[in-house]
Amino acid sequence: MNLFKKLSPFYNLALLYFIISFTLRIILLFHPITQSSFTFSESLKIFALGLISDFFVFVVSASFLWLYLIFISNSKYNKPYGYLILAGFIGLLIYIASGKSIFDEYGGALPKIVLIFVSIKTFLFSLLLFVPKKRDKIRFWLFAFVIFLYVLLILQNAISEFFFWNEFGVKYNFIAVNYLIYTNEVIGNIMQSYPVIPIFSALFIITGIITFFIIKKSKNYIEEIPTIPEKLKISAIYSVLFLASIFAIPSLAKTENSKNIFVNELQANGIYKFYLAFQNNKLDYFKFYKTIPNEKAFAFLKQQLPAISGQNTLREIKNDSIEKRKNVVLITVESLSADFMKMYGNKQNITPFLDSLAQKSLSFTNIYAAGNRTVRGLEAVTLCLPPTAGESVVKREDNKNKFSTGSVFLKKGYNVKFMYGGDAFFDNMQDFYSGNGYQIIDKSSFTPNEITFSNVWGVCDEDMYNKAIKIMNAEAKENKPFFNHIMTVSNHRPFTYPNNKIDIPGDIKSRDGGVKYTDYALRQFFNQAKKQPWFNNTVFVIVADHCASSAGKTELPLDKYRIPALIYDPTSKPEKCNKLMSQIDLMPTLFGLLNFDYQSKFFGHDVFESDYKPRAFIATYQDLGLIKDNVLTILSPKQQIKQFKLELKPDTDLSPEYQIHYNEIPLKFENKDLVNATISYYQSASYVLKEKEYQLKDLSLNAKNVKLYAKLH
């Protein structure tokens with residue numbers, strides 16, 4: 001058998017992929033949504049460069065096929081090698097099943113997935129080792145399964161690309177990535193929108209037929225297994241193509257530079273576009289959402305923020321009173337929904353400390369989280385701007401040197417730190433906060449004797465607070481005020497925490513237990529803080545990062561965004577603020593209470609200022625909402641706009657300010673003023689980020705020069 005025939009599994013699958021991709025491009029070219037005509041040179045570019053891109057993407061995608069085929073042999077089952085390999089598999093299986101493997105550090109489903117995979121490999125190897133007479137037949141069916149899987153993925157991807165184009169008129173982008181995040185909603189939408197059973201039935205039948213013909217032309221590989229020298233030649237050829245593909249694919253992506261967007265999209269390879277969506281983490285507002293002229297957007301914004309001028313949000317904040325140089329501790333609590341607290345109707349008494357603290361604090365009763373992920377909450381209280389489409393700024397490449405809460409404190413001469421009980425590398429927190437002037441304190445800063453309990457997310461909240469007390473005691477001796485932002489971790493699945501702390505055991509993994517332990521740890525922190533000399537000169541800000549769940553019957557269910565927030569100053573009297581407000585307003589309001597004079601770029605507003613107009617922002621990765629004048633306006637991709645009248649579903653057991661449930665009734669007639677208001681907020685926020693108007697212009701407050709900046713001020 002010559003070497004070319006031994007490559008038959010690769011080139012037969014590649015041929016299928018090229019035929020499917022070519023056919024798909026023709027279908028998309030003539031799709032009604034492709035409202036464009038193409039010149040001969042544009043058509044040539046679409047199909048020629050598209051085919052080349054497909055070739056290199058297939059080479060990379062075939063890496064799993066190469067790994068599978070290259071390890072097919074009979075010699076590895078000979079004594080003693082077969083038994084040694086089997087012993088290695090069993091040892092690996094025991095290691096993974098122990099619950100103390102490296103995979104357990106990553107948590108989630110990864111340990112189970114690896115355990116299942118290694119279990120299957122161990123079982124199949126044992127079968128091939130101990131039943132040699134059936135080896136050829138078993139190997140044939142394994143080979144058939146691998147080919148079937150590749151064919152299925154090729155066809156499934158083509159169908160997915162078609163439906164995505166049918167919906168958005170582009171190849172995969174961040175919306176496709178978002179679909180993986182909101183699996184339940186997406187599957188429900190697909191089930192309701194398309195004839196799923198007929199489509200998938202046809203898909204499996206066609207996959208089976210194609211697989212039959214490919215196996216017929218490729219089975220020579222397993223009937224006459226290549227020798228080691230032949231495998232080395234195959235590997236050499238594949239390695240050269242693989243390395244060439246790694247360099248060629250990004251270069252070909254740069255040729256997608258036509259002024260005709262459809263040319264770029266049709267030329268592109270969908271799989272690589274999906275990969276880029278993961279990397280870029282953003283959705284271009286100006287491409288996918290309804291827009292108005294920038295001048296009009298900023299003119300409206302000026303009605304909300306009268307001191308701004310031009311196409312930015314820069315303005316002077318002045319206070320008549322003497323500045324209060326108090327320490328500030330901001331605690332963002334993981335997944336703390338408003339309805340966990342007694343004042344919002346919870347009867348389980350799982351937040352007794354927060355319930356009592358709220359009665360002694362400035363309590364904001366009508367505040368909404370900006371999003372439904374931790375990075376959105378961190379973005380809201382750090383950058384104080386509306387949640388823009390796509391991924392949070394925290395996780396974007398351009399996330400440094402922004403105007404931020406930390407930059408205001410740094411200019412005032414504060415020590416500024418971000419404290420997190422887990423690994424700050426997670427969710428890009430390390431990169432974001434260090435790039436914006438914060439010193440990072442995370443799990444890596446703990447000594448072994450400072451950790452009493454930890455899980456996959458990090459040390460328990462008590463350990464984090466104990467560490468924070470030590471750090472703040474040291475900071476107090478420097479005769480400088482401090483601003484410390486603490487992010488909690490304990491109220492997060494798997495909801496494990498130290499036993500014998502609360503009346504819900506830590507090993508039963510209950511949400512109520514996670515909430516109650518979080519509350520308990522917060523009480524212990526305040527008990528310790530009260531004993532410190534800096535306590536009476538410190539303001540504590542406590543707010544949820546987001547709610548425990550975002551699922552609901554509507555795109556943006558209001559009760560899933562309502563969060564508790566309070567500012568506790570030991571020297572101030574308790575007060576309630578019942579104004580509708582956003583998470584992005586919390587820190588500007590604090591600055592107002594501290595009588596700070598500063599230059600601001602925040603979209604967030606001091607809610608006690610006379611020119612504040614109540615509104616709140618709530619969003620997912622693609623649906624951008626504004627609550628204003630008892631109406632919820634939602635902007636979505638494809639320039640879609642929906643509006644809902646908010647009708648309260650009253651709970652007679654609750655005070656008016658703690659009512660959180662609303663019916664969202666579609667408006668019969670569009671309220672254009674509120675549509676323009678919503679567009680103005682989100683468009684202007686997207687604009688200032690895109691045009692780098694939200695940067696610190698005077699000094700780059702990154703990790704390298706924070707100390708220098710502090711000395712100068």
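The side chains of Glu 450 and Lys 467 come together in a salt bridge, with an N to O distance of 3.0 Å. This pair links distant parts of the chain, with Glu 450 in the loop between strand E5 (439-441) and strand E6 (454-455) and Lys 467 in helix H21 (residues 461-476), 17 residues apart. The model is predicted, and it holds 23 salt bridges.

**Salt bridges**

- Glu 450 and Lys 467 are both buried.
- Glu 450 also forms a salt bridge with Lys 470, in which the closest N and O atoms are 3.1 Å apart. Here too distant parts of the chain are linked, as Glu 450 is in the loop between E5 and E6 and Lys 470 is in helix H21, 20 residues apart.
- Glu 450 counts as buried because its relative accessibility is 13%, under the 20% limit. Lys 470, at 48% relative accessibility, counts as partly exposed.
- A further salt bridge joins the side chains of Glu 323 and Lys 412 (2.9 Å, N to O). The two residues are 89 residues apart and link distant parts of the chain: Glu 323 is in the loop between strand E1 (315-317) and E2, and Lys 412 is in the loop between helix H19 (405-411) and strand E4 (415-420).
- Glu 323 is partly exposed, with a relative accessible area of 27%, whereas Lys 412 is buried, with a relative accessible area of 14%.
- A network of salt bridges links Arg 373, Glu 391, Lys 395 and Asp 427.

**Strand E2**

- Because 7 of the 7 residues of E2 are buried, this strand is largely enclosed by the rest of the structure.
- Both faces of E2 are covered, with Asn 327, Val 329, Ile 331 and Val 333 buried on one side and Val 328, Leu 330 and Thr 332 buried on the other.
- E2 runs parallel to strand E9 (residues 538-544), to which 7 bridges join it; in this pairing, Thr 332 stands opposite Val 543.
- E2 also runs parallel to strand E8 (residues 482-487), with 5 bridges between the two; Val 328 stands opposite Phe 483 in E8.

**His 605**

- His 605 is located in the loop between strand E13 (598-600) and strand E14 (616-619), and counts as buried at 9% relative accessibility.
- The side chain of His 605 makes a polar contact of 3.3 Å with the side chain of Asp 611.
- Not counting residues up to four places away in sequence, His 605 touches Gln 304, Leu 305, Asp 585, Pro 588, Thr 589, Asp 611, Tyr 612 and Arg 615.

**Backbone features**

- Lys 79 and Pro 80 are joined by a cis peptide bond, with omega about -5 degrees. Pro 80 lies in the loop between helix H4 (63-70) and helix H5 (81-97).
- Ser 335, a residue other than glycine, has a positive phi near 50 degrees. Ser 335 is in the loop between strand E2 (327-333) and helix H17 (352-358), and counts as buried at 5% relative accessibility.
- Gln 639 likewise has a positive phi, near 60 degrees. Gln 639 is in the loop between strand E16 (631-636) and strand E17 (640-648), and counts as partly exposed at 46% relative accessibility.

**Nonpolar surface patch**

- Ile 205, Ile 209, Phe 212 and Phe 213 make a nonpolar surface patch of about 430 Å².
- Ile 205 is in helix H10 (residues 196-218) and is exposed, with a relative accessible area of 54%.

How values were computed: Residues are numbered from 1 along each chain as its sequence is written. This is a predicted model: local features need pLDDT of at least 70, side-chain atom pairs count only at pLDDT 80 or more; totals for chains, interfaces and linings use all residues. Side-chain values use heavy atoms; hydrogens and water are left out. Helices (H or I, at least four residues) and strands (E, at least two) are DSSP runs, numbered from the N terminus. Buried means under 20% relative accessible area, exposed over 50%, partly exposed in between (1.4 Å probe, protein chains only). A polar contact is a pair of N or O atoms within 3.5 Å; within protein, one must be able to donate a hydrogen and the other to accept it, and residues adjacent in sequence count only if both atoms are side-chain atoms. Contact means heavy atoms within 4.5 Å. Two strands pair if DSSP finds at least two bridges between them. Patches are made of residues with over 30% relative accessible area and no salt bridge: like charges are joined within 9 Å, nonpolar side chains (Val, Leu, Ile, Met, Phe, Trp, Tyr) within 5 Å. Accessible areas come from the Shrake-Rupley method with a 1.4 Å probe; for residues, only the protein chains shown count as cover. A salt bridge is a side-chain nitrogen of Lys or Arg within 4 Å of a carboxyl oxygen of Asp or Glu.
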